[in-house]
Amino acid sequence: MAKVTIKLSAQSIRTAVKQRVEGPVIALTKNPNVMRLLGEKAIEIVTPYVPMKSGDLRRSAYVQQTSRATQLVWGSPSVGRTIYYARYQHNANDFNWKRRTPGTMSYWTLMISPGTYGFDELIDYAEPLMKKEVQRGSK
């Protein structure tokens, strides 16, 4: 399939949050609502790096949840031809690729990899959500 799909790692997020806070944090795999919120935030973080010719590719991003994983997906059959365009743009060789918008890039999903500014921003967002859920669960 030509979509761009990446798995949002609940374990990486939980580990990073545990390093910052004292006390318990929730297991994200047991709370799909928090994972959906984190997926939406991750899409928001990487959107400025997604190529934008018409804006369709940026608008095609969505969070897909199954019982086993939360995935971020770009390329939707309901948004023009983005299902094919997404994979082409994501895997483009930057040396031969003319960017349509300054600041965009191929492999935009790397902007939320552990150790990047985008991942740190995601953890900043996750921390209060995860603590709030623990407090709610302890009442």
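Helices (H or I, at least four residues) and strands (E, at least two) are DSSP runs, numbered from the N terminus. This is a predicted model, in which local features need pLDDT of at least 70, side-chain atom pairs count only at pLDDT 80 or more, and totals for chains, interfaces and linings use all residues. Residues are numbered from 1 along each chain as its sequence is written, and side-chain values use heavy atoms, with hydrogens and water left out.

Figure 1. The protein chain has 139 residues, and 44% of them count as buried; buried means under 20% relative accessible area, exposed over 50%, and partly exposed in between (1.4 Å probe, protein chains only). The accessible surface comes to about 8,300 Å², of which carbon and sulfur atoms hold 51%. Accessible areas come from the Shrake-Rupley method with a 1.4 Å probe, and for residues only the protein chains shown count as cover. Among contacts with a separation of 6 or more, 63% are between residues 24 or more positions apart, where contact means heavy atoms within 4.5 Å.

**Figure 2. Strand S1 (residues 4–7) and its pairing with strand S3 (residues 70–74).** The two strands pair in the antiparallel sense over four bridges; two strands pair if DSSP finds at least two bridges between them. Val 4 has Trp 74 as its bridge partner in S3. Val 4 and Ile 6 form the covered face of S1, while Thr 5 and Lys 7 form the uncovered one. In a regular strand the side chains alternate between the two faces of the sheet.

**Figure 3. The buried and exposed sides of helix H1.** Ala 10, Ile 13, Ala 16 and Val 17 are the buried residues of H1. They cover an arc of only 140 degrees around the axis, so they lie on the same side of H1. The arc is that of the directions from the helix axis to the C-beta atoms. Gln 11 and Gln 19, on the other side of H1, are exposed. An α-helix has 3.6 residues a turn, so residues three or four places apart point the same way.

**Figure 4. The salt bridges of Arg 20.** A salt bridge is a side-chain nitrogen of Lys or Arg within 4 Å of a carboxyl oxygen of Asp or Glu; the structure holds five salt bridges. The side chain of Arg 20 meets that of Asp 124 in one of them, at 2.4 Å, N to O. This pair links distant parts of the chain, with Arg 20 in helix H1 (residues 10–20) and Asp 124 in helix H5 (residues 117–138), 104 residues apart. Arg 20 also meets Glu 127 in a salt bridge, at 3.6 Å, N to O. Here too the pair links distant parts of the chain, since Glu 127 is in H5 and Arg 20 in H1, 107 residues apart. Arg 20 is partly exposed, with a relative accessible area of 39%, and Asp 124 is partly exposed at 46%. Glu 127 is buried, with a relative accessible area of 18%.

**Figure 5. Lys 41 in helix H2.** The side chains of Lys 41 and Glu 44 meet in a salt bridge, at 3.1 Å, N to O. The two residues are three residues apart in H2 (residues 32–46), so about one helical turn separates them. Salt bridges that share partners join Arg 20, Asp 124 and Glu 127 into one network. Lys 41 is buried, with a relative accessible area of 14%. Leaving aside its neighbours within four places in sequence, Lys 41 is in contact with Glu 121, Leu 122 and Tyr 125. Other buried residues of H2 include Val 34, Met 35, Leu 38 and Ile 45. The 15 residues of H2 should span 21 Å at 1.5 Å a residue, and its end C-alpha atoms are 21 Å apart, which agrees. The expected span of a helix is 1.5 Å times one less than its number of residues.

**Figure 6. Ser 113 in the loop between helix H4 (82–90) and H5.** Ser 113 is partly exposed, with a relative accessible area of 23%. Ser 113 and Leu 8 are 105 residues apart in sequence, and their C-alpha atoms are 9.5 Å apart in space.
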